[in-house]
Amino acid sequence: MVYAPADFFSELRKALKKRLPGSLRDFSTRRQGRLLKLNFSEPAFHYEAWHHMGIGRLEVGLHFEGSAAENQAAFDFFRARIVEVKAGLPRAELEPWDRGWTRLYETVPAVRLDDQVLDQTVQCMTDYVVTLQPMLDQFLRSRDENS
């Protein structure tokens, strides 16, 4: 089945609610066009599924879109743990990005939004949340303690 973007991201959200461990099912989402943002407490630090239609790829990742200082601190925190990150997410890349943002991400082939891409995206996003959320929680706690 080929999905319209709204239907694809609706199905993705529902599938994640079922697939994630119980402790990680209480998340907020926001959809904009061809992307879905998912967060647990800090909207500026969110997981994202973004369909890059022009290049036929779908990006899944953890984005840091706060202040430049917060984004740099998150970059440094995850760079120091990149071996641990890569153990769970071998294709993940960490990089500074547009507007002073940072992202930890990978892409999957997605010429169209179909059942195969949905299954891959659900699995990939589940892996990202399960692997990275404990580290993100640790980062946020340490940031709050130091502010």
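1. W50 is partly exposed, at 23% relative accessible area. This is a predicted model. W97 is partly exposed as well, at 22%.

2. W50 and W97 pair edge-to-face. Their ring centres are 5.8 Å apart, with 70 degrees between the planes. W50 sits in strand 3, and W97 in the loop between strand 5 (93-96) and strand 6 (102-109), so the pair ties together parts that are 47 residues apart in sequence.

3. The whole structure holds 11 aromatic pairs. F27 and F40 make one that is edge-to-face, because their planes stand at 80 degrees, over the 60 needed. Centre to centre, these two rings are 6.2 Å apart. F27 belongs to the loop between helix 1 (5-19) and strand 1 (28-32). F40 belongs to the loop between strand 2 (35-39) and strand 3 (45-52). The pair therefore links parts 13 residues apart in sequence.

4. F40 has 23%, so it counts as partly exposed.

5. One aromatic cluster consists of F45, F64, F77, F78 and F139. R81 lies over the face of F77, 3.5 Å from the ring centre. Elsewhere, R103 lies over the face of Y105, at 4.0 Å from the ring centre.

6. At L132 helix 4 bends by about 40 degrees. A proline, P134, follows within four residues. At the start of helix 4, a side-chain oxygen of D114 comes within 3.2 Å of the backbone nitrogen of Q116.

Technical notes:
Residues are numbered from 1 along each chain as its sequence is written. Side-chain values use heavy atoms; hydrogens and water are left out. The bend at a residue is the angle between axes fitted to the seven residues ending there and the seven starting there. Helices (H or I, at least four residues) and strands (E, at least two) are DSSP runs, numbered from the N terminus. A polar contact is a pair of N or O atoms within 3.5 Å; within protein, one must be able to donate a hydrogen and the other to accept it, and residues adjacent in sequence count only if both atoms are side-chain atoms. Rings of Phe, Tyr and Trp (its six-membered ring) pair if their centres lie within 6.5 Å; planes under 30 degrees apart count as stacked, over 60 as edge-to-face and the rest as tilted. Buried means under 20% relative accessible area, exposed over 50%, partly exposed in between (1.4 Å probe, protein chains only). A charge sits over a ring if NZ of Lys or CZ of Arg is within 6 Å of the ring centre and within 35 degrees of the ring normal.
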